[in-house]
Amino acid sequence: MTLPYPLRARLVEGVGVLGLNLTEGQLDQLLAYVDLLARWNKVYNLTAVREPAEMLTHHLLDSLAVIGPLRRQTGDRSARLLDVGSGGGLPGVVIAICCPDIEVCCVDAVAKKTAFIQQVAGTLGLPGLRSVHARVENLVERFDVVTSRAFATLADFTAWSVGALAEDGVWMAMKGRTPQDEIDALPATVEVFHVEQLTVPGLGAERCLVWMRQGGTGR
């Protein structure tokens, strides 16, 4: 581990603010993930955020903010989750670390990004995490939860990934401020059943989750 100790203290504080109950081992894995992301980023340009301290807030805590809502949605049941356009593994890797009972698949059209996620899975010992180098439209597997973080408009996200959504599955889109224009542009076949405001410790910016499912009749 090459990250300085203060990052761990900030992580522990943020986890407490979010009300998450993580083990010391999970905290170690999260910090090791940031370390890997920072090191690989120097060569493969996985994220525009360069400094580990910024990665902690803008990436790690930002992704950790969805763990509680995701747990409430799944009811702590085992589930299969697809992270679309995962990039460097956000939020997929964080979910795999914090929710070992959730099987996480990260899909991205860029090979170097899926290779990085496979490296993370092996290095951190995450058997429930895997990556697929493909376009989401070409997947034939079905998932209980399909998520994305700053991937596309809601209309494009749902249209491209609908084939990967299980019959009773839900979409969980991570957004900044509530994207009302995008919500209004959704087809009647997509129902927004909840917009959940998030507070990310140390990040002075709006964040929300847009929860959607198939079978809506308009809003």
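Y33 touches L60, G88, G89, L90, V93, V94, I97, F116, V120 and L124, leaving aside residues up to four places away in sequence; contact here means heavy atoms within 4.5 Å. The model is a predicted one, in which local features need pLDDT of at least 70, side-chain atom pairs count only at pLDDT 80 or more, and totals for chains, interfaces and linings use all residues. Residues are numbered from 1 along each chain as its sequence is written, and side-chain values use heavy atoms, without hydrogens and water.

Y33 also belongs to the largest nonpolar core, of 52 residues, where L11, Y33, L64, I95 and L129 touch the most other members. Such a core is a set of buried Ala, Val, Leu, Ile, Met, Phe, Trp, Tyr and Cys residues joined through side-chain atoms within 4.5 Å; buried means under 20% relative accessible area, with a 1.4 Å probe and protein chains only. Helix 2 (residues 24–44) supplies the largest share of this core, 10 residues. A second, separate core of 22 residues includes L82, L165, I183 and M212.

The strands come next. Helices (H or I, at least four residues) and strands (E, at least two) are DSSP runs numbered from the N terminus. Strand 2 (residues 102–108) has 6 of its 7 residues buried. Strand 2 pairs in the parallel sense with strand 1 (residues 79–84) over 6 bridges and with strand 3 (residues 129–133) over 5 bridges; pairing requires at least two DSSP bridges between two strands. The bridge partner of R80 is E103 in strand 2, while C106 stands opposite S131 in strand 3.

Technical notes
Buried < 20%, exposed > 50% of the residue type's maximum accessible area, 1.4 Å probe, protein only.
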